[in-house]
Amino acid sequence: MKCSACGHEAELMWVVEVGKGRAALCLDCQSKYQQIQVTKHNMLVDEMNYLAEEIDFVSGFPGSPRYRRVPSITQINPRNESHITVNADQIGIVNSGSIGEINSAITLTKQSNNPQIGDDLRSLTELILSDKDVTNEIRDSLIESLAFLAEQLKQDNQSRKRSMISTVLVNITSSIGAVTGALGIWEKVKPFFESCLK
Ligand SMILES: [Zn+2]
């Protein structure tokens, strides 16, 4: 089963309610999610305790019971710093399968003689995911296009869909300008895909 947040493949998953839907999270992402819940809980507790103190002050009878804060959980290091991680508010919005494909391409390039490309590919994907001004259509199309290229990297020379690859490269080039700061990174990543996939 694939994690809805990072695309990591794992046997054991935690199902959590996110917005109107549900997401299956791996151990790492579940621990991050839990941390967010604890922070939210403690913020609410602080607010309620402040109100209780105010009531004590006005009524002149101090010492009414207070809600307890939950101790914060020790942060567990992410599994792999060099991979794309999806924020809690992005869970369910992006296709985790696509992120998984891009992550496996990052792993591939890290092992190649061009490891910088993996970092560029990660920065590019994270820029696309985090840019609030990009429409859903453009974001989905860019992420799916990158995932397609990533998937084609794994194929052997004969199985590659060359005309699709050319079309996708053109499409990304024409819409990447919508993402702030992404064009410069794309101009470094694009020649890599062109040379590997031709
Ligand atoms: Zn995960």
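**A look at the core**

Mentor: Happy to! The largest nonpolar core has 32 residues, and Ala 5, Cys 6, Val 86, Ile 102 and Leu 121 are the ones that touch the most other members. Keep in mind that this is a predicted model. At least two residues of the core come from each of β2, α2 (96–111), α3 (116–130), α4 (136–154), α5 (162–175) and α6 (182–197). Domain 1 (1–79) and domain 2 (88–197) each provide at least three core residues.

Let us start with Cys 6. Leaving aside residues up to four places away in sequence, Cys 6 touches Cys 26, Cys 29, Thr 85, Val 86 and Ile 99.

Next, find Ile 102 and Leu 121, which also take part in the packing of α2 against α3. The axes of these two helices lie 8 Å apart, at an angle of about 155°. An angle over 145° counts as roughly antiparallel, so that is how α2 and α3 run relative to each other. On the α2 side, the contact uses Ile 102, Ala 105, Ile 106, Thr 109 and Lys 110, while α3 brings Ile 117, Gly 118, Leu 121, Arg 122 and Thr 125. By type, the contact residues are 5 nonpolar, 3 polar and 2 charged.

Finally, step back to the two domains. The centres of domain 1 and domain 2 are 33 Å apart, taken over C-alpha atoms. Where they touch, domain 1 gives 12 residues and domain 2 gives 8. On the domain 1 side, β2 (21–25) and α1 (27–59) are the elements that give two or more residues. That side has 7 nonpolar, 4 polar and 1 charged residue.

Note on methods. Residues numbered from 1 in each chain as written. Predicted model: local features only at pLDDT ≥ 70, side-chain atom pairs only at ≥ 80, totals over all residues. Domains from an automatic or database assignment. Contact = placed C-beta atoms within 7 Å. Helix = DSSP H or I, 4+ residues; strand = E, 2+ residues; numbered from the N terminus. Nonpolar A, V, L, I, M, F, W, Y, C, P; charged D, E, K, R; others polar. Core = buried A, V, L, I, M, F, W, Y, C linked by C-beta atoms within 7 Å. Buried ≥ 20, exposed ≤ 12 C-beta atoms within 10 Å, placed from the backbone. Axes fitted to C-alpha atoms, helices over the stretch in contact; angles between N-to-C directions. Parallel < 35°, antiparallel > 145°, perpendicular 65-115°, else oblique.
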